[in-house]
Amino acid sequence: QLTETITGTSGNNPWYISDVLVALAQSDPYPSSGIQYFAYSQDGGATWADYTTPFTLTEGVYDLQMHLVDNADNEDRQSREIKVDTTAPSISGSLDQIPNALGWINAAVNLSASASDTTSDIASFESSVDNVSWIAQSSPLTLNFTDGTYTIYLRAIDNAGHEYLLTQEIKVDSQEPVISHQIQGTTGENGWYTSDIQVEVTQVDPAPSSGIQSFQTSLDGTIWTDYTTPLNFSEGAYVLQMRVIDNADHQDLDGIPLNVDTTPPTINATLSGTLGSNNIYISPVEAAVSVSDNLSGIAATEYSLNGSGWQPYSSQLTLAGGVYALQFRTKDTAGLISTTQVYNFSVDTHGPNIKLPSRWYIWETGDLFVKDDGSGIASVGYEIRDS
């Protein structure tokens with residue numbers, strides 16, 4: 001009679017999940033003739049080995065045959081299937097998009113996974129989002145994930161009872177951040193501000209927000225500075241660029257012109273002519289102006305004559321006889337208006353007239369008439385002479 005003693009950790013179905021030690025024992029009942037042959041085979045009898053000491057069966061499926069013969073040719077034959085699986089199953093998985101350095105994916109993603117076991121084969125393949133409730137899956141499987149943060153658990157159990165758990169974190173943010181701005185200041189014309197301004201920049205990262213990686217501004221598109229507080233701008237012309245990048249590498253970029261002109265334009269008039277007395281010109285007057293603006297440029301120059309409405313000024317004015325109140329002003333592109341220049345003067349280009357009889361008798365009266373149609377008579381002088 002032969003007996004076997006198998007030592008190992010039992011799994012399921014029935015599999016051993018550790019190496020198995022096989023010890024054989026024989027007995028030859030009285031009257032014993034002695035043992036002629038004591039051997040075993042691990043491969044169903046294809047090859048045999050004499051049994052001397054216990055032997056170990058590692059991973060695999062064995063058809064164990066045992067043969068004991070005594071010297072009287074009595075024999076005992078036994079067989080046993082022994083299945084050994086010491087290796088847990090494996091799970092391989094991959095995403096069809098690669099997360100960035102911060103672990104985020106910026107579009108919907110597919111997770112493909114499969115389970116395998118080389119010895120006892122897969123008994124079950126499951127998935128879970130909480131490591132508590134499990135859903136049976138077939139292998140291979142494909143799971144789709146849209147916006148959100150997930151922890152995915154994949155579990156494979158082989159027929160021997162080995163279990164393998166794979167955990168995969170998936171973070172998806174397909175929403176782009178949005179940048180906006182608000183400008184505080186006095187609005188002029190043509191996109192100009194006529195006071196110092198303050199620009200407040202804000203950003204919103206729609207749910208599920210992956211968080212902001214950087215929030216910056218630049219005046220040259222090359223050097224970027226982290227935005228922390230509103231920005232102040234004095235006189236000048238700028239292009240402010242604003243950029244926000246979320247942790248999923250989505251980006252919103254915006255640029256706005258900032259034109260600030262707080263200084264009114266200047267105007268100077270020149271009156272050309274022959275100046276007589278009492279601010280009266282005795283020749284026609286040529287009135288011309290020169291204007292300048294240090295930033296936004298001149299938009300329009302106007303004049304007003306003797307209280308009339310403002311008229312566009314395009315070239316110098318020629319003024320003949322009369323009394324004048326001449327005003328000039330200019331406006332820049334930002335809408336700032338210069339100080340109004342006022343000039344009061346008169347023009348009289350004709351001398352006074354004298355009317356006197358060429359002669360009269362001593363008993364007659366000689367009348368002297370003096371007339372001026374322009375500036376008026378300032379003085380009259382006469383002399384009477386007789387030889």
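Predicted model: local features only at pLDDT ≥ 70, side-chain atom pairs only at ≥ 80, totals over all residues.
Elsewhere, a search of the whole structure turns up 6 salt bridges, and the largest nonpolar core has 17 residues. Here is a friendly tour, topic by topic.

**Salt bridges**

- E4 and R80 form a salt bridge, with their closest N and O atoms 2.9 Å apart. Since E4 belongs to strand β1 (residues 2-7) and R80 to strand β7 (residues 75-84), the pair ties together parts that are 76 residues apart in sequence.
- Both partners are partly exposed: E4 has a relative accessible area of 22%, and R80 has 36%.
- E189 pairs with K331 in another salt bridge, where the closest N and O atoms are 3.5 Å apart. This pair links distant parts of the chain, 142 residues apart: E189 is in the loop between β15 (178-184) and β16 (192-193), while K331 is in strand β29 (residues 322-332).
- E189 counts as partly exposed at 34% relative accessibility, and K331 counts as partly exposed at 27%.
- D373 and K371 also meet through their side chains in a salt bridge, at 4.0 Å from N to O. D373 is exposed, with a relative accessible area of 66%.

**Strands and sheets**

- An open sheet is built from 5 strands in the order β24-β30-β29-β26-β27, with mixed pairing. At its edges stand β24 (280-281) and β27 (311-312); each has a single partner strand, so one side of each is left without a neighbour in the sheet.
- Strand β26 (residues 298-305) runs antiparallel to β27, and 2 bridges join them. Within this pairing, Y303 has Q311 of β27 as its bridge partner.
- In another part of the chain, β15 pairs with strand β17 (residues 197-204) in the antiparallel sense, over 7 bridges. Here Q182 stands opposite E200 in β17.
- β17 is also joined to strand β20 (residues 231-233) by 3 bridges, and these two run antiparallel. V199 stands opposite L231 in β20.

**Nonpolar cores**

- In the largest nonpolar core, with its 17 residues, V20, V22, L24, F55, L57 and I82 touch the most other members. At least two residues each come from β1, β2 (20-26), β3 (35-41), β5 (55-57), β6 (60-70) and β7. The biggest contribution is from β6, with 4 residues.
- I82 touches I6, Y16, V20, V22, L57, G60, V61, Y62 and L64, leaving aside residues up to four places away in sequence.
- Another core lies apart from that one; it has 16 residues, including V289, L326, F345 and V347.

**S116 and its surroundings**

- S116 is in strand β9 (residues 109-116) and counts as partly exposed at 39% relative accessibility.
- Not counting residues up to four places away in sequence, S116 touches P89, S90 and I122.
- The C-alpha atoms of S116 and S139 are 8.5 Å from each other, and the two residues are 23 residues apart along the chain.

**Backbone details worth a look**

- Most residues other than glycine have a negative phi, and most peptide bonds are trans.
- Y30 and P31 are joined by a cis peptide bond, with omega at about 0°. P31 lies in the loop between β2 and β3.
- A cis peptide bond also runs from A207 to P208, with omega near 0°. P208 is placed in the loop between β17 and β18 (212-218).
- N190 has a positive phi, near 60°.
- N278 lies in the loop between β23 (266-272) and β24 and is exposed, with a relative accessible area of 71%.

Terms used. Residues numbered from 1 in each chain as written. Heavy atoms only, no water. Buried < 20%, exposed > 50% of the residue type's maximum accessible area, 1.4 Å probe, protein only. Pairing = 2+ DSSP bridges. Core = buried A, V, L, I, M, F, W, Y, C linked by side-chain atoms within 4.5 Å. Contact = heavy atoms within 4.5 Å.
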